[in-house]
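Here's a quick tour of one protein chain. Have a look at the picture first, then read on.

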Amino acid sequence: MNNKLIYSSVMAVAMVFTSCKNEQKTEETASVQVEKSKAYQGTPISKEFDSKIDSLVSAMTLEEKAGMLHGSTMFATAAVERLGIPELTMADGPLGVREEISLDSWAPAGWDNDFATYYPAAGGVAATWNTDLAYVFGNSVGEETIARDKDVLLSPAINIIRTPLGGRTYEYFTEDPFLNKKLTVPFIVGLQENDVAACVKHFAANNQETHRDFVDVQIDERTLREIYLPAFKAAVEEAHAYSFMGAYNKFRGDYLCENDYMLNQVLRNEWGFEGIVISDWAAVHDTKKALESGTDIEMGTPKPFNEFYFADALIQAVKDGKIDEKQVDKSVKRILRMMYTLKSVDDKGRAKGSISTEAHFQDAYAIAAESVVLLKNENNLLPLKTEGVKSIAVIGNNAKKKNALGGFGAGVKTKREVTPLEGLQNRLPSDITINYAEGYLERYSNNEKAKLGDITLNGPVTINELDPKMLEEALEAAKNSDMAIVFAGSNRDYETEASDRATLALPFGQEELIEKVLAVNPNTIVVFIAGAPFDIKKVADQSKAVIWSWFNGSEGGNALADVILGTVNPSGKLPWTMPLRLEDSPAHATNSFPGDQTVSYDEGILVGYRWFDTKNVEPLYPFGYGLSYTNFSLSNLKTDKSDYGLNDTITVEVSVENTGVVSGKEVVQVYVSKPESKVERAAQELKGFSKVEVDAGSTKNTTVEIPVKELAFYNVDTKSWEVEKGAYTIQVGNSSRNILSKVQITIK
Ligand code: BGC
């Protein structure tokens, strides 16, 4: 099935800067397609070659089979050349196709033809609330994956954001399981249309970096099913993801790559997963247990590759009769099935792809342009009116900071990363003078950059005193300019894989800098660039205009400048709750992060806004929040019926009026609550949304379809999903805390 949809998702204004990409993607008004976004459905793995695969496997030696089950280089398994089976090649990752890594170490290989497009990190993608853009992303990066001759892209990363401190928050989508699956599915479908496999990671319950190598995660079954697994399940059942990555941590006593319950029972038996499970790098600890629990390929960090658990040790275990060779065959057959599906064995008719093209940079632009969140805009300071402005002070290390690479974990080597400062230089009228001052420095007390585990375990290592000379320069620039823009936040050295943050505080003295700049020039816009929540209350209270942007890809600076100047009307919405205080967040309120040997998710199902809304805790900015340069009003909320059966779909209709003077996009969010229930319920849960573009002064009707089965809770006694009968409230708004209209329905 070909899902290549009509490429309409980019706002009309953004099209001005968008060079036309694929012919199948035509420019039309966005709202129609976005509202009626198709149900994305992937193509199952092919079984057409099964008899050929059987004869290949029977011709293979045990050593050849074992070679296919473990890394023979850092990112590939061994070929069986005599039988025409190539290597299985892989690349990270979530921000785009990672640069080529050395065969036997983590050092970059130093190629000069491994440049790729740097796509917005997942936080930004999620903030678009645009499923079509998730598809565009998947499809675009899929073209790059195959162009780099890789079979598997180690993406998407879809763990739930349980704590705002999570080091990989920027790399993950959201705190909400529904939004998570709605973005995951189109991404995978788009990606796999290019004859490459997604590797959905990190399965599962990998929600913290602290102790990730051994921590034993305890989650009650209902919470596991309702919060942490839905996107993984949809990745199998709807997107037909071809591979999964087993996480580092333990779950209920067993490592995820040795977890019979998660891999054999849930993933394969219940969900019907037919693809392969690849271990996270060095996440296997036991040959027999890992193989028999359902891990197919062991990948790892440098050591002699024959010392991997699935190498010599596996061969020996089979020879000693400890592992049945049929178990080995099972995995080899699964891998070959996937390779045939990807056309990697004979390569006939396989997609060719393209990489680092202008069209792909513009895909990255389209996502970035819809991801920027306007948090505050007093007196309509934004969009910035350039008339009469002669000079603008641009302040902050983040104005120039690049984030394609940084920290631990996967980055992208790219030929283009437009910084915020460059974006402004590109977009501002040439007669406006930009007075740049760095203002603060990214400084750490014990090292230039964060070190593995440093941030969580040893407390903050940032140096937060401002350099007096730099502060002076910044204040001079602000004083002597008509207005100022401060670019603050964090970066990919500070937010990084392998460690969580110790605090929500803004590092490097930024709060003091912003306060002082505001004192000398109240006409100051503050722009945060970060992937995770920070404590920005003081800054937000003092500033008139606050924007939130992300590690936003190759075109991030241009997209941001377009939002600042109003060529793009912001339409991003927070994909997580920005808490007022760390203690307000559920994992911290329950004192159940980060644990030690074990971490118990004591907040249960009340993750993210579910906690804030149920416990009536006021966030700084709620889930789903984001302003626009226009205003919307929602009215005429109705459902197609008042009573529904268990197999029905609820059609929710609402009118969206743009009451302002510029066109814009609003995200209509549908939350459902069940006031009386036999089980604990969150105050409300997101069950549908629709991003609608509405012209100034006009009204558009939008519909959101909610299958009744979406209202189910997981019944631990019957081990099945159950829709309770009775009354439900359908609540529609533009954030979890701004519900504008409600209607009651009954499930009969
Ligand atoms: C990360 C994975 C990544 C792998 C290979 C691991 O440390 O957890 O997300 O794909 O390394 O780079």
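This is a predicted model: local features need pLDDT of at least 70, side-chain atom pairs count only at pLDDT 80 or more; totals for chains, interfaces and linings use all residues.

Residues are numbered from 1 along each chain as its sequence is written, and side-chain values use heavy atoms, leaving out hydrogens and water.

**The whole chain**
- You'll find 22 helices and 27 strands in the chain; these are DSSP runs numbered from the N terminus, with helices (H or I) of at least four residues and strands (E) of at least two.
- The C-alpha trace spans about 80 × 65 × 55 Å along its principal axes.

- Helix α14 (residues 358–371) and helix α20 (residues 556–565) have axes that come within 8 Å and cross at roughly 40° (axes are lines fitted to C-alpha atoms, for helices over the stretch in contact, and angles run from 0 to 180 degrees between N-to-C directions).
- That makes α14 oblique to α20, because angles under 35 degrees count as roughly parallel, over 145 as roughly antiparallel, 65 to 115 as roughly perpendicular and the rest as oblique.
- On the α14 side, the contact (heavy atoms within 4.5 Å) is made by Y365, A368 and A369, while α20 brings G556, N558, A559, D562 and V563.

- An open sheet of four strands runs in the order β9-β8-β6-β17, with mixed pairing (two strands pair if DSSP finds at least two bridges between them).
- Its edge strands, β9 (254–255) and β17 (598–600), each pair on one side only.
- Strand β6 (residues 216–218) pairs with strand β8 (residues 250–251) in the parallel sense over two bridges.
- D216 stands opposite K250 in β8.
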